[in-house]
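Please find below a colleague's note on the model under review.

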Amino acid sequence: MRPPGSDNKARVGGAFPTLELAATSGQQVTVPDPAGDYVHLQLRRFAGCPICNLHLRSIVSRHDEIRSHGIREVVVFHSTAAELTKFESELPFPLIADPERQLYRRLGVERGPSSLVSTRALRAAIAGEAAALRHKSPARGALGPVKPTGGRFGLPADFLIAPDGRIAALKYAQHAYDQWTVDELLDHARPVSH
């Protein structure tokens, strides 16, 4: 799904660029996956974002099921590596730091005040903060860090990339809590799974 008037956005069926990314753990991550898995490349907001934390908890709770469908998770944040290392132990997939938002711009992932102008996004921010407090997550403040790297107005995006580099499915968000659920991800992968 592409927002209206966004001709520079990627398209389903289009070629995804080959990326060599360095995870905060030091692991090298290649997209598309040379081992033959599909890659669910998530571009999230900032480290400690309560909305992202809420979403990623759903991914973590079903990570084994996602892997069993031949899908590998790779998650990018517009945060520094130092900010992301606090979350490495909580997340079983590579975290990629992109504090300059280079990958976001390259892939046409936008930002703007409209990211938080949604009842769903505001409810998710409150629920995410409550969950972070219950789990003693390293997030700080009522809505995450006071001044997050890359700002508070990032929009997420989801890309499902086939081993041959084709974009099997994608979603550009309309607001901060607009991303695939695990069930939607698995539905997108069903026709393309091996």
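1. Basis of the note. This is a predicted model, in which local features need pLDDT of at least 70 and side-chain atom pairs count only at pLDDT 80 or more, while totals for chains, interfaces and linings use all residues. Residues are numbered from 1 along each chain as its sequence is written, and side-chain values use heavy atoms, with hydrogens and water left out.

2. Overall fold. The chain has six helices and seven strands (DSSP runs, numbered from the N terminus: helices H or I of at least four residues, strands E of at least two). From the N terminus on, their order is β-β-β-α-α-β-α-β-α-α-β-β-α. Of the 194 residues, 53% are buried (under 20% relative accessible area with a 1.4 Å probe, protein chains only). Among contacts (heavy atoms within 4.5 Å) with a separation of 6 or more, 70% join residues 24 or more positions apart.

3. Nonpolar cores. A nonpolar core is a set of buried Ala, Val, Leu, Ile, Met, Phe, Trp, Tyr and Cys residues joined through side-chain atoms within 4.5 Å. The largest has 28 residues, and Leu-56, Ile-66, Ile-71, Phe-77, Phe-93, Leu-95 and Leu-160 touch the most other members. Two or more residues each come from α1 (50-61), β4 (71-77), β7 (167-172) and α6 (182-189). Apart from this core lies another, of 23 residues, including Val-74, Val-76, Ile-96 and Val-109.

4. Phe-93. Leaving aside residues up to four places away in sequence, Phe-93 touches Leu-56, Ile-59, Val-60, His-63, Glu-73 and Val-75.

5. Helix α6. Val-182, Leu-185, Leu-186 and Ala-189 are buried in α6. Seen down the axis of α6, its buried residues fall within an arc of 95 degrees, so they line one face of the helix (the arc is that of the directions from the helix axis to the C-beta atoms). These buried residues pack against β3 (38-43), α1, α2 (63-68), β4 and β6 (157-161).

6. Largest pocket. A pocket is an open set of points on a 1 Å grid over the protein atoms alone, with protein on both sides within 12 Å along at least five of seven lines; lining residues have an atom within 4 Å of a point. The largest pocket holds about 160 Å³ of space, the volume being that filled by probe spheres set on the points, which are joined across faces, edges and corners. Of its 13 lining residues, Asn-53, Leu-56, Arg-57, Glu-90 and Leu-91 are the closest to the centre. With four residues, α1 gives the most to this lining.

Notes
Buried means under 20% relative accessible area, exposed over 50%, partly exposed in between (1.4 Å probe, protein chains only). On a 1 Å grid over the protein atoms alone, a cavity is a set of points where a 1.4 Å probe fits but cannot get out, and a pocket is an open set with protein on both sides within 12 Å along at least five of seven lines; lining residues have an atom within 4 Å of a point.
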